[in-house]
Amino acid sequence: MRLVYIALFVSSLSFSQHQKKGIIYDKENNEPLEFVSVYNRLNHTTTNKDGKYGFTSATDSIYFHKVGYDKFATIISNLRDTIFLNRSIFQLDEVVVSNAKTIYQKIKDSIASNYVLKPHSESFFLRAILKRNGAIIRLQDMQGNLHRKTSIYGGGLTLMDNDFSVAVKNMRQIGLTKDENNIYFEFPSLFNILSEFVRINAMGPDFEVIEKPYKNSTSTKVEFTSLNSDTKTKSYGHYIINTNDNAILSFNSIVKPFYPEELFKTPKYSAIAQQDITVFFKEDPAIKRYYMSLAKRTAVLNVKLKDDPIVHKFEMEIVLYTKESFSNEDVKSNVNEQKDIFKINMKYDKDFWKEQNQLLLTDEMEAFIKKMTQDDTKRKVKNNIKD
């Protein structure tokens with residue numbers, strides 16, 4: 001049975017370099033914070049789902065920031081292993097927006113001045129995770145260069161099949177090709193992944209919109225919820241917008257499809273329970289244009305097999321991180337951008353993966369890799385990780 005997901009680096013350090021590993025939490029609830037930008041004028045990285053990061057730089061300054069949180073600045077030599085970030089405070093008054101089109105139109109009208117709408121290149125890091133009934137069964141990391149036609153689609157630009165060229169430089173992958181029920185879960189293609197993160201659209205006339213300005217800030221949070229009761233599909237999320245230039249700082253959209261009750265009474269079925277997309281944008285200080293710095297896409301798929309009383313839950317997670325933006329580097333594709341990414345093959349570079357720190361493995365991922373490389377099993381495992 002085949003399940004198809006439907007779209008909706010320690011290098012040798014000089015004595016002048018500073019190296020730090022740590023973990024970042026939300027001060028309010030003590031939960032680890034994913035996607036915190038850790039940076040200075042020379043280097044940049046981000047936290048993983050455990051809130052952990054690794055940072056190496058020739059300069060001692062370091063900053064921590066995530067949209068919706070107060071920025072924290074210090075120097076690496078004084079840095080504690082654990083950092084707590086404060087959430088940004090909203091103003092007291094919420095504003096129910098009667099004309100949501102006005103807000104969305106402001107964003108659209110500012111696209112040309114906020115984003116690069118011409119071909120350019122960037123370096124990226126991509127992570128794909130698949131879980132089955134709560135346990136990881138597949139992990140894939142890719143690093144390389146990407147050439148894209150535009151940073152965001154607007155101003156009459158249309159998405160085409162050849163809009164992305166990808167040169168993968170390094171890859172590690174390990175996991176089951178088929179599970180115990182002979183199910184192959186098809187990962188999306190690079191084209192599908194990249195295109196889903198640049199088509200940002202919500203807040204039409206069928207949405208209730210609430211604006212929540214941040215206190216002492218130039219950003220505002222705009223929450224939207226679908227009102228369309230005809231389809232019974234739930235759709236909601238938010239934008240965080242820079243009120244100075246109407247640029248999107250972050251976007252989140254959650255969709256929960258509706259299915260008729262009869263579907264769940266059939267002998268076998270597959271149904272997407274939820275899809276979630278989150279995208280963060282950051283301004284490049286050199287050219288004063290925004291680029292997609294981080295993006296995450298998750299999907300939950302429930303599967304019922306014939307003669308099996310259990311409903312199996314598959315959870316897919318895709319994370320895309322931009323390491324360097326707006327390059328003029330020539331990118332020559334060495335992969336099929338339309339192909340299921342788990343079917344891409346590449347030799348493992350042990351030295352690279354030992355040194356990379358753009359997105360650290362979580363404790364759960366490290367345990368999974370150890371188990372899969374040591375597990376003497378007849379299950380078919382695809383593994384390019386060689387010690």
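**Aromatic rings and a sheet**

Reply: Lys382 lies over the face of Phe342, at 5.5 Å from the ring centre. Please note that the model is a predicted one.

Me: Which residue lies over the face of Phe187?

Reply: That is Arg138, at 4.7 Å from the ring centre of Phe187.

Me: And which residues are in a cluster with Phe187 through ring pairs?

Reply: Ring pairs join Phe187 with Phe185, Phe314 and Phe342 in a cluster.

Me: Are Phe185 and Phe314 buried or exposed?

Reply: Both Phe185 and Phe314 are buried.

Me: What about Tyr239 and Phe251, why is that pair tilted?

Reply: The planes of Tyr239 and Phe251 are at 55°, with the ring centres 4.9 Å apart, so the pair is classed as tilted. Tyr239 belongs to strand 16 (residues 234-242) and Phe251 to strand 17, twelve residues apart. Tyr239 has 0% relative accessibility and therefore counts as buried. Phe251, at 4%, is buried as well.

Me: Staying with strand 17, where does Ser253 lie?

Reply: Ser253 is part of strand 17, which covers residues 247-256. Its relative accessibility is 16%, so Ser253 counts as buried; the limit is under 20%.

Me: Which residues is Ser253 in contact with, leaving aside its neighbours within four places in sequence?

Reply: Ser253 then has contacts with Tyr236, Gly237, Gln275, Asp276 and Ile277.

Me: Changing topic, in what order do the four strands of the open sheet come?

Reply: The order is 4-3-6-7, with antiparallel pairing. Strand 4 (44-46) and strand 7 (72-75) are at the edges; each has a single partner strand, so one side of each lacks a neighbour in the sheet. On average, neighbouring strands here are turned by 20° against each other, direction ignored.

Me: How many bridges pair strand 6 with strand 7?

Reply: Four bridges pair strand 6 (residues 61-65) with strand 7 in the antiparallel sense. Ser61 has Ile75 of strand 7 as its bridge partner.

Key:
Residues are numbered from 1 along each chain as its sequence is written. This is a predicted model: local features need pLDDT of at least 70, side-chain atom pairs count only at pLDDT 80 or more; totals for chains, interfaces and linings use all residues. Side-chain values use heavy atoms; hydrogens and water are left out. Helices (H or I, at least four residues) and strands (E, at least two) are DSSP runs, numbered from the N terminus. Buried means under 20% relative accessible area, exposed over 50%, partly exposed in between (1.4 Å probe, protein chains only). Contact means heavy atoms within 4.5 Å. Two strands pair if DSSP finds at least two bridges between them. Axes are lines fitted to C-alpha atoms, for helices over the stretch in contact, and angles run from 0 to 180 degrees between N-to-C directions. Rings of Phe, Tyr and Trp (its six-membered ring) pair if their centres lie within 6.5 Å; planes under 30 degrees apart count as stacked, over 60 as edge-to-face and the rest as tilted. A charge sits over a ring if NZ of Lys or CZ of Arg is within 6 Å of the ring centre and within 35 degrees of the ring normal.
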